[in-house]
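Hi everyone, thanks for coming along.

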Amino acid sequence: MYPLIRNRRLRSSEAIRSLVRETIISPSDFLVPLFVVEGKGIKEEIASMPNYYRLSLDNLTKEVKELWKMGLRSVLLFVKVPDNLKDNQGSEALNENGLMQLAIKTVKNACPEMLVMTDVALDPYSSYGHDGIVADGQILNDESVEVLAEMSVSHAKAGADFVAPSDMMDGRILSIREALEDEGYTNTGIMAYSAKYASAFYGPFRDALDSAPVDIKNVPKDKKTYQMDFANRFEAIRETQMDIEEGADIVMVKPGLCYLDIVREIKNEVDVPVAVYQVSGEYAMVKAAAEKGWLDHDAVMMEQLIAIKRAGANIIASYFAKDVVKLLG
């Protein structure tokens, strides 16, 4: 008891604070999201995500080599598909020479040891901007899952180390695992977006990929029939446990900062690695406030990321990854 115990002794200098610090961020914590577009020589800044870019395959090569030199060893690939290749079935997703498949090969050719994870969902390929097939004003579950399983096999065939289903269709993890096993891809892992909430923080990401739901008759205007209600807590645990039972190797909570209670709940319940996606809206808010001079960019960035790891994240998907590594020196 006080005065024999004085907690401030362990805060008295940076030396002692760093010595007893419980949570430390390092490059190995990060999964780096990358946006890929068709063309050549393209490095196009995303207007709502300052200092983040869409890259053509030649610039993707340069980017992954730079990431590797910085100690960033894992990437999560997304593609921006031209409108003329989109349809309600997501047919382009299964093209063996499609942009995602070429992006996987490009990363592996440029940096063979880089861990490659791939987004598995139909929204980049959908003419309606949804993660599944649309019919009669609804998102079809089982029909969508069949395509997602084929899509996952296609990614594995191209060289993906992990597939990352972000769609939130029921039963898709089991169907994907079985499809991978049937095709001999027993070592291809699954990172399941297990607790993905219907969040307002995704706006800049949808700008980056032009993948927002379209506003037309008989098409759901949002994704609330498959992404989770952000008011729910126990549902996240149930979704996550089901994904693990179906074969997920890693589970994810998305978004990050507003859902740290969910991260901790899931971390306490499961024995597999837990990933957190610090999403585009979280990134954009810090960038915008820092540009206005309202926040200290680096201090807020680090505070948020340490909070995410402290809550229980083993892996952090973040657009800040390069900024952090540069800051850490």
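A word on the ground rules before that. This is a predicted model, so local features need pLDDT of at least 70 and side-chain atom pairs count only at pLDDT 80 or more, while totals for chains, interfaces and linings use all residues. Residues are numbered from 1 along each chain as its sequence is written, and side-chain values use heavy atoms, with hydrogens and water left out.

Let's begin with strand β10, residues 250-254. When I say helix or strand, I mean a DSSP run, numbered from the N terminus: H or I of at least four residues for helices, E of at least two for strands. Is β10 covered or open? It is mostly covered, with five of its five residues buried. Buried here means under 20% relative accessible area, exposed means over 50%, and partly exposed is in between, using a 1.4 Å probe and protein chains only. In a regular strand, side chains alternate between the two faces of the sheet. In β10, Ile250, Met252 and Lys254 point one way, Val251 and Val253 point the other way, and all are buried.

And which strands does β10 pair with? By pairing I mean that DSSP finds at least two bridges between two strands. Strand β9, residues 189-196, runs parallel to β10 and is joined to it by five bridges; there, alanine 192 stands opposite valine 251. Strand β11, residues 274-278, also pairs with β10 in the parallel sense, over three bridges, and methionine 252 faces alanine 275 there.

The peptide bond from lysine 254 to proline 255 is cis, with omega near 0 degrees. Proline 255 sits in the loop between β10 and α8, residues 260-269. There is a cis bond from tyrosine 2 to proline 3 as well, with omega near 10 degrees, and proline 3 belongs to the segment before α1.

Rolling a probe the size of a water molecule over the atoms shows where empty space is left. On a 1 Å grid over the protein atoms alone, a cavity is a set of points where a 1.4 Å probe fits but cannot get out; a pocket is an open set with protein on both sides within 12 Å along at least five of seven lines; and lining residues have an atom within 4 Å of a point. Points are joined across faces, edges and corners, and a volume is the space filled by probe spheres set on them.

How many cavities of 30 Å³ or more does the whole structure hold? The search finds two. The largest cavity has a volume of about 110 Å³. It is lined by 16 residues, and Asp123, Lys196, Phe205, Lys223 and Lys254 lie nearest its centre. Helix α6, residues 203-209, gives the most to that lining, with three residues.

Now let's move to the other end of the chain numbering. Strand β3, residues 49-55, pairs with β1, residues 30-36, in the parallel sense over two bridges, and valine 36 has leucine 55 as its bridge partner. β3 also pairs with β2, residues 43-46, this time antiparallel and over four bridges. β2 and β3 form a hairpin with two residues between them, and isoleucine 46 is bridged to methionine 49.

Within β3, do look at asparagine 51. Its phi is positive, about 70 degrees, although it is not a glycine. At 42% relative accessibility, asparagine 51 counts as partly exposed. Aspartate 136 has a positive phi too, near 55 degrees. That residue lies in the loop between β6 and β7 and, at 79% relative accessibility, counts as exposed.

Of its 15 lining residues, Asn51, Tyr52, Tyr53, Glu63 and Lys322 lie nearest the centre. β1, β3 and α11 each supply at least two residues of that lining.
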